[in-house]
Amino acid sequence: MIKLKSLVKEFINPTNIKTIEEKGNIRILVPSSLENDKIKEDQLKSGEVDLEKINPKQYLKKNDIVFQAKGNKFEVVLIEKNYENLLASSLYFIIRVNEKKMNPKYLQWLLKTEKAKEYFEKNTSGTVMKIVRKSTLEDFEFDCPSLKEQENFQTLIRAFENEEKETLKYLESKKELIERKILAKYEVK
């Protein structure tokens, strides 16, 4: 068993930023800007902040993992491309892995497994809003396959995610077709 902290370059605490709907000099990742572990760019919030108060390492970049540590769920998102001026809200920890030891996609998947969710659920504090402490995240233990095996698993995970996305699109199309057929024959008031 190995602790997550031994595979990570750094765990980054985001800066608390005031979000503003229409203006701002940065974009902020918030729960409403995520859907199915992906960023909905049109749902990113704007923020106004003194850029000199932001540590450059807090900007999200490709292969960062964003772990929601506050709230009612533990969402884990892999940043799959570089964004300009994108910060995570204070609800998240940013995990920057040592890519010589850990595949970011594999770690994202691992942190979303039922076993991981059970671990975080068991080790939260707070009743209304659950909170995962940084030390809890750092001390998450697991058997770590070789980097080559992680890359093989990544291929499998990505294939599954693509298949899942296509299946969901197909089911949504089928649902719409059935609704159109029924509504064409029977009026609904």
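The chain has 189 residues, of which 37% count as buried. Its secondary structure consists of four helices and 14 strands. The C-alpha trace spans about 60 × 45 × 35 Å along the principal axes. The chain exposes about 11900 Å², and carbon and sulfur atoms supply 50% of this area. Among contacts in the chain with a separation of 6 or more, 71% are between residues 24 or more positions apart.

The confidence of the prediction was examined for the chain and for its elements. The mean pLDDT of the chain is 86, and 92% of the residues reach 70 or more. Among the elements, helix 1 has the highest mean pLDDT, at 95. The lowest mean, 50, belongs to strand 3, which covers residues 19-20.

Helix 1 is also part of a helix packing. This helix, residues 104-111, packs against helix 4, residues 147-185. Two packed helices are described by the angle between their axes and by the distance between those axes. For helix 1 and helix 4, the angle is about 65 degrees and the axes lie 8 Å apart. The crossing of helix 1 past helix 4 is left-handed. On the side of helix 1, the residues that meet helix 4 are Lys 105, Tyr 106, Gln 108 and Trp 109. Their counterparts in helix 4 are Gln 150, Phe 153, Gln 154, Ile 157, Arg 158 and Glu 161. Sorted by class, the contact of helix 1 with helix 4 has four nonpolar, three polar and three charged residues.

Leaving aside neighbours within four places in sequence, Phe 153 is in contact with Tyr 106 and Pro 145. Phe 153 counts as partly exposed because its relative accessibility is 36%, a value between the limits of 20% and 50%. Phe 153 and Val 188 are 35 residues apart in sequence, and their C-alpha atoms are 48 Å apart in space.

Gly 71 and Lys 130 are 59 residues apart along the chain, while their C-alpha atoms are separated by 5.2 Å. When neighbours within four places in sequence are left aside, Gly 71 is in contact with Met 129 and Lys 130. With a relative accessibility of 13%, Gly 71 counts as buried, because the limit for that class is under 20%.

Ile 26 is found in strand 4, residues 26-29. Its relative accessible area is 2%, so Ile 26 is buried. The C-alpha atoms of Ile 26 and Leu 44 are separated by 9.8 Å, and the two residues are 18 apart along the chain.

Lys 117 lies in helix 2, residues 114-122. With a relative accessible area of 33%, Lys 117 is partly exposed. Apart from neighbours within four places in sequence, Lys 117 is in contact with Phe 74 and Lys 112.

Backbone angles were considered for two asparagines. Most residues other than glycine have a negative phi. Asn 63, which is not a glycine, has a positive phi of about 80 degrees. Asn 63 is placed in the loop between strand 7 (45-47) and strand 8 (65-68). At 23% relative accessibility, Asn 63 counts as partly exposed. Asn 85 likewise has a positive phi, of about 55 degrees, although it is not a glycine. The loop that holds Asn 85 runs between strand 10 (76-78) and strand 11 (86-88). Asn 85 has a relative accessible area of 31% and is therefore partly exposed.

Notes:
Residues are numbered from 1 along each chain as its sequence is written. This is a predicted model: local features need pLDDT of at least 70, side-chain atom pairs count only at pLDDT 80 or more; totals for chains, interfaces and linings use all residues. Side-chain values use heavy atoms; hydrogens and water are left out. Axes are lines fitted to C-alpha atoms, for helices over the stretch in contact, and angles run from 0 to 180 degrees between N-to-C directions. A crossing is left-handed if the near helix is turned anticlockwise from the far one by less than a right angle, and right-handed if clockwise. Contact means heavy atoms within 4.5 Å. Ala, Val, Leu, Ile, Met, Phe, Trp, Tyr, Cys and Pro count as nonpolar, Asp, Glu, Lys and Arg as charged, and the others, Gly among them, as polar. pLDDT is the predictor's confidence in each residue, from 0 to 100. Buried means under 20% relative accessible area, exposed over 50%, partly exposed in between (1.4 Å probe, protein chains only). Accessible areas come from the Shrake-Rupley method with a 1.4 Å probe; for residues, only the protein chains shown count as cover.
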